Amino acid sequence: MSFLEPAGVFDREPAPGLKIIESGKNAGTGSYVPETIWKNEDLEKMVETSDIWIRERTGIGARHIAGEETVAQMAVKAARRALENAGICSTELDLILVGTSSSESIFPNTACLVQDEIGAFRAACLDVSAACTGFLAVYELGQLYIRSGKAKNVLLIGADALSRLVDWHDRGTCILFGDGAGAIVLTAEEQETKACEKIHSDGEKGVSLTCEKGTYLQMDGRAVFQFALSRVPEVIREVLKEAEVPVEEIDAFILHQANSRIIDGVAKRLKAPKEKFPRNIEAYGNTCAASIPILLDEWNRSGRAQKGQRIVLSGFGAGLIWGAAYLEW
Ligand code: UT7
C-alpha cells in the first residue's frame, strides 16, 4: 500500500452521538541517552557555579553528553526500542516525524536518516523544528495523520544534542541542557476517546530564546521562566476544557523538563498535587524535544503506566511555542 492510499480504517460510520473515532493509541515507547555524564561538580570546574545553586534553582544534578554521537544515531536507538516495545516492524510504518533543532546535517533530515537505518522503506519522513515543543508538535501532527486516515502506524521521535549549541563558558545557559532521544509508536485504533492537542506560538517574543546558525544559544532566563509559568497552565486548561475532563481527573502531567521550579509552579497554578508531575530532570537536565518522550518511556517501563490512565503532555520553549495534549493510555 502506498503512503497516500487511504489506510482503510474508516470502514464504518460511528453511531450518531457516539465519540468513536480512529485515533492514535500509544503502542510502545523507547528512549536513549549517551553514556557520558557530566555532573554539576564537573561544571564547577568550567564556570563559576555550584552544585547547590544548580540544584536549588533548577533541580538538575547531571546531564548526558553526546560527544561524537549524532542526533540521528541517538534517534535510531530510541526508535528501535520503541518499535520493539510496540511489537511493530519498521516496514509497517507509514510516517516518521522527528522533532529536533540540533541535527548535524541541514539535509537529509533526521527522519530520513532514521528511515534508512531502520529500513522503514514505506514511511514518509519529516523533521519538525519547534525547539523544546518539538515533541508536542510531532505528536499533534502524527495524530492528525492518523485521524485523517492517511497513516496507520506512526513513529514519533524527539531528539536533541543542545550540548553542541550552548556556550560552555556561559553559566546562565550551559548548566541547563543535556542530550538524548525518546520515541513513541502510535497505531490507529477505533476508540471512544476525547484525545485532543493544542499548539500556540508567539513570534514577537521569540527574541528571549534564540540560536543563530554558527553561534551559541542566547536566553533571557527570567523571561522564559515567566512565559512558561503563565502559558503552560493556560494551554493545559484549554485542552482539558475541550476534552471535558476536569484537572482533578488527570493521573499524570508529563511536562517538558526545563526547570523543577517551573513544574512546581504549574502544579500550583493548576491546584494539582506535585506527585502527579513525574520528573527526571535531576538525571538528564533539559533535553529539549527529547524530554517528554524520555519521561513517557520511563513512565511506561517502570510499570506506572496503566490502561485507561488520563495523561496530559505539555511542552514550551523557543519560538516562542507552547502546547499541550490530552490522551488516554
Ligand atoms: O526549554 C525552555 C528553555 N529554558 C528554560 O526553560 C529556562 C527558564 N529559566 C530558568 O530556568 C531560570 O531563569 C535560570 C535557571 C536560567 C536562571 O535562574 P534564575 O533564578 O532566573 O536566576 P537569574 O538569571 O535571575 O540569576 C540570579 C543570580 C544572578 O546573580 P546576581 O545578578 O543576583 O548577582 C546570576 O548571575 O544567579 C546568578 N547565576 C548563577 N550563579 C551560579 C546565574 N546562573 C548561575 C549559575 N551559577 N549557573
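The following legends describe close-up views of a predicted model.

Residues are numbered from 1 along each chain as its sequence is written, and side-chain values use heavy atoms, with hydrogens and water left out. In this predicted model, local features need pLDDT of at least 70 and side-chain atom pairs count only at pLDDT 80 or more, while totals for chains, interfaces and linings use all residues.

**Figure 1. Confidence along the protein.** The average pLDDT of the protein is 94, and 94% of the residues score at least 70; pLDDT is the predictor's confidence in each residue, from 0 to 100. Residues 1–10 have a pLDDT below 50. Beyond near neighbours in sequence, this stretch has 24 contacts in the model, a contact being heavy atoms within 4.5 Å.

Figure 2. Strands (E, at least two residues) and helices (H or I, at least four) are DSSP runs, numbered from the N terminus, and two strands pair if DSSP finds at least two bridges between them. Strand 4 (residues 95–99) pairs with strand 5 in the parallel sense over five bridges; Ile 96 has Cys 125 of strand 5 as its bridge partner.

Figure 3. Axes are lines fitted to C-alpha atoms, for helices over the stretch in contact, and angles run from 0 to 180 degrees between N-to-C directions.

**Figure 4. The crossing of helix 3 and helix 4.** The two axes come within 9 Å and cross at roughly 55 degrees. Helix 3 and helix 4 are therefore oblique to each other; angles under 35 degrees count as roughly parallel, over 145 as roughly antiparallel, 65 to 115 as roughly perpendicular and the rest as oblique. The crossing is right-handed, the term for a near helix turned clockwise from the far one by less than a right angle, with anticlockwise being left-handed. Among the residues in contact are Val 71 and Leu 83 of helix 3 and Leu 113 and Ile 118 of helix 4. The contact has nine nonpolar, one polar and two charged residues. Ala, Val, Leu, Ile, Met, Phe, Trp, Tyr, Cys and Pro count as nonpolar, Asp, Glu, Lys and Arg as charged, and the others, Gly among them, as polar.

**Figure 5. The crossing of helix 7 and helix 8.** The axes of helix 7 (residues 221–243) and helix 8 (residues 260–270) cross at roughly 40 degrees and come within 9 Å, which makes helix 7 oblique to helix 8. Helix 7 passes helix 8 in a right-handed crossing. Residues that meet here include Phe 225 and Arg 237 in helix 7 and Gly 265 and Leu 270 in helix 8. Nine nonpolar, one polar and three charged residues make up this contact.

**Figure 6. Backbone features in loops.** Phe 107 and Pro 108 are joined by a cis peptide bond with omega about 0 degrees; Pro 108 is in the loop between strand 4 and helix 4 (110–118). Ala 131, in the loop between strand 5 and helix 5, has a positive phi near 50 degrees. Most residues other than glycine have a negative phi, and most peptide bonds are trans.
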